[in-house]
Amino acid sequence: MKFRNWKRLAAAVLAGTVLRGCAWCESRDEAQSSAPIDAVALADSLAGTVPFVDQMTPLELDAAVNVYGIDSAAVSAGKAYVSTGATAEEIAVFTAADAGQVETVRAALEKRVEDQKAAYTNYQPQEMTKLSDPVIETRGDTVILCVSDDNSAALSVIDEAAAG
């Protein structure tokens with residue numbers, strides 16, 4: 001084999017190795033990003049880590065779906081924390097029953113924020129700051145709402161849970 005052919009063969013082998021490596025990294029990233037999130041544990045972690053002004057009361061799944069107007073068949077797990085009503089602070093974390101329900105659950109959480117805006121506009125106008133910029137995240141099949149004064153703390157907890 002001529003020297004020129006050896007160079008081509010070496011380049012082809014190198015390119016194949018690099019592509020296999022990239023494919024491995026990509027599949028590893030997909031596995032990490034699609035790792036399931038424990039909705040109940042995330043809600044508890046948010047409640048224990050994010051600073052809240054008001055007292056937060058936990059709601060188990062049955063009560064939480066009623067508060068957020070979600071059909072119980074649309075979720076497989078979840079938990080919420082609500083304030084006393086003196087503030088608009090709250091947490092809701094739901095695992096959608098399947099990929100087709102993710103947007104339904106997210107729409108319910110977004111509607112809840114809109115309803116809270118209408119309720120707090122005249123009652124507690126200072127709460128509008130929180131309601132104007134809530135954390136609403138979708139991570140895989142998990143939908144998360146956190147209304148607080150510290151979005152960066154909430155996002156850190158969510159990122160940590162999503163990383164597994």
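Which backbone oxygen lies 2.7 Å from a polar atom of the side chain of S83? The legends below take up the sheet first, then this serine.

This is a predicted model, in which local features need pLDDT of at least 70, side-chain atom pairs count only at pLDDT 80 or more, and totals for chains, interfaces and linings use all residues. Residues are numbered from 1 along each chain as its sequence is written, and side-chain values use heavy atoms, with hydrogens and water left out.

**View 1. Five strands form an open sheet.** The order is β1-β2-β3-β5-β4, and the pairing is antiparallel. Strands are DSSP runs of E, at least two residues, and helices are runs of H or I, at least four; both are numbered from the N terminus. Two strands pair if DSSP finds at least two bridges between them. β1 (57-59) and β4 (135-139) are the edge strands; each has a single partner, so one side of each lacks a neighbour in the sheet.

**View 2. β4 pairs with β5 (residues 142-147).** Five bridges join them in the antiparallel sense. Here T138 stands opposite V143 in β5.

**View 3. S83 sits in the loop between β2 (75-82) and β3 (90-96).** S83 is buried, with a relative accessible area of 15%. Buried means under 20% relative accessible area, exposed over 50%, and partly exposed in between (1.4 Å probe, protein chains only). The backbone oxygen 2.7 Å from a polar atom of the S83 side chain belongs to T87. Leaving aside neighbours within four places in sequence, S83 is in contact (heavy atoms within 4.5 Å) with D54, Q55, M56, A88 and E89.

Methods:
A polar contact is a pair of N or O atoms within 3.5 Å; within protein, one must be able to donate a hydrogen and the other to accept it, and residues adjacent in sequence count only if both atoms are side-chain atoms.
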